[in-house]
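Work through the exercises below with the sequence and the structure at hand, and try each task before reading its solution.

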Amino acid sequence: MSTIAELRLPATENTLVTAFEHTPEITFELESSVSKTRPCLWVANVDREQATDAFDTDPVVLEYDLLVESDSRLLFDVEFVDGAGTDELCETLLVDGGSLLEMWGNDGWWQARVRYRDRETLTDAYDRLTESGTNVDLRRITDIAQSSGGETRLTPEQQEALEAALEYGYFEIPRSISMEELAAELGISHQALSERFRRAYETLVNEELQHVEQS
């Protein structure tokens, strides 16, 4: 039985604290799979000028490039000062063998949903973080039982995307293929692939949670 934990960590002890202070309404969402070499961040609740100003004021940001601009959010490729970026935050959370499901930041806090092998692994990760002086708030824990059924509500496109991701090593740490490269293999844009993953994850998590409630 695996365990999904939702954790909250203060930006003051992690990354982009100055960006949060300069632009309090800004939100970040990690999309690290687009680039194999640098993390990518979705930025929302601000316009393009506000987003670039926030990056410019933060000393941990070396440079950034705008990759995607939509009506509601922007995607930036970001290079951080060594030891001060989102990669280090992820490594801190995943060193005990966890799998990052999603990570986002707003109101001066970083929050992450991480899947661990079991509660013991989660406990080890939590203890290590607190012993290192990191203030971590464990907000929610969900135990996920192995499903006994063979059917799923995934669409054929979502199923294809997940199977390709597994085959090409997308879920390995470190990744063997970036989202952009995987999207090219499937003949779709990386935005389309990201949306398939997002909907597939939501479907699978909902199915798992329903199974837990019924057991």
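**Exercise 1.** Is Cys90 buried or exposed?

*Solution.* The model is a predicted one, in which local features need pLDDT of at least 70 and side-chain atom pairs count only at pLDDT 80 or more, while totals for chains, interfaces and linings use all residues. Residues are numbered from 1 along each chain as its sequence is written, and side-chain values use heavy atoms, with hydrogens and water left out. Buried means under 20% relative accessible area, exposed over 50%, and partly exposed in between (1.4 Å probe, protein chains only). With a relative accessibility of 11%, Cys90 therefore counts as buried.

**Exercise 2.** Which residues of helix 3 are buried, and where do they lie around the axis?

*Solution.* Helices (H or I, at least four residues) and strands (E, at least two) are DSSP runs, numbered from the N terminus. In helix 3, which covers residues 86-94, the buried residues are Thr86, Leu89, Cys90, Leu93 and Leu94. They lie on the same side of helix 3, because they cover an arc of only 120° around the axis, the arc being that of the directions from the helix axis to the C-beta atoms.

**Exercise 3.** Which residues does Phe28 touch?

*Solution.* Begin with the largest nonpolar core, which has 36 residues, and in which Leu16, Phe28, Leu41 and Trp110 have the most contacts. Such a core is a set of buried Ala, Val, Leu, Ile, Met, Phe, Trp, Tyr and Cys residues joined through side-chain atoms within 4.5 Å. Contact means heavy atoms within 4.5 Å, and, not counting residues up to four places away in sequence, the residues that Phe28 touches include Leu16, Leu41, Phe55 and Trp110.

**Exercise 4.** How many aromatic pairs does a search of the whole structure find?

*Solution.* Rings of Phe, Tyr and Trp (its six-membered ring) pair if their centres lie within 6.5 Å; planes under 30 degrees apart count as stacked, over 60 as edge-to-face and the rest as tilted. The search finds 11 aromatic pairs. One of them, Phe55 with Phe76, is edge-to-face, at 5.1 Å centre to centre with 70° between the planes. This pair links distant parts of the chain, since Phe55 is in helix 2 and Phe76 in strand 5, 21 residues apart. Phe197 and Tyr201, by contrast, form a stacked pair, 5.8 Å centre to centre with 5° between the planes. Phe197 and Tyr201 are 4 residues apart in helix 7, so about one helical turn separates them. Phe197 is buried at 2% relative accessibility, whereas Tyr201 is partly exposed at 31%.
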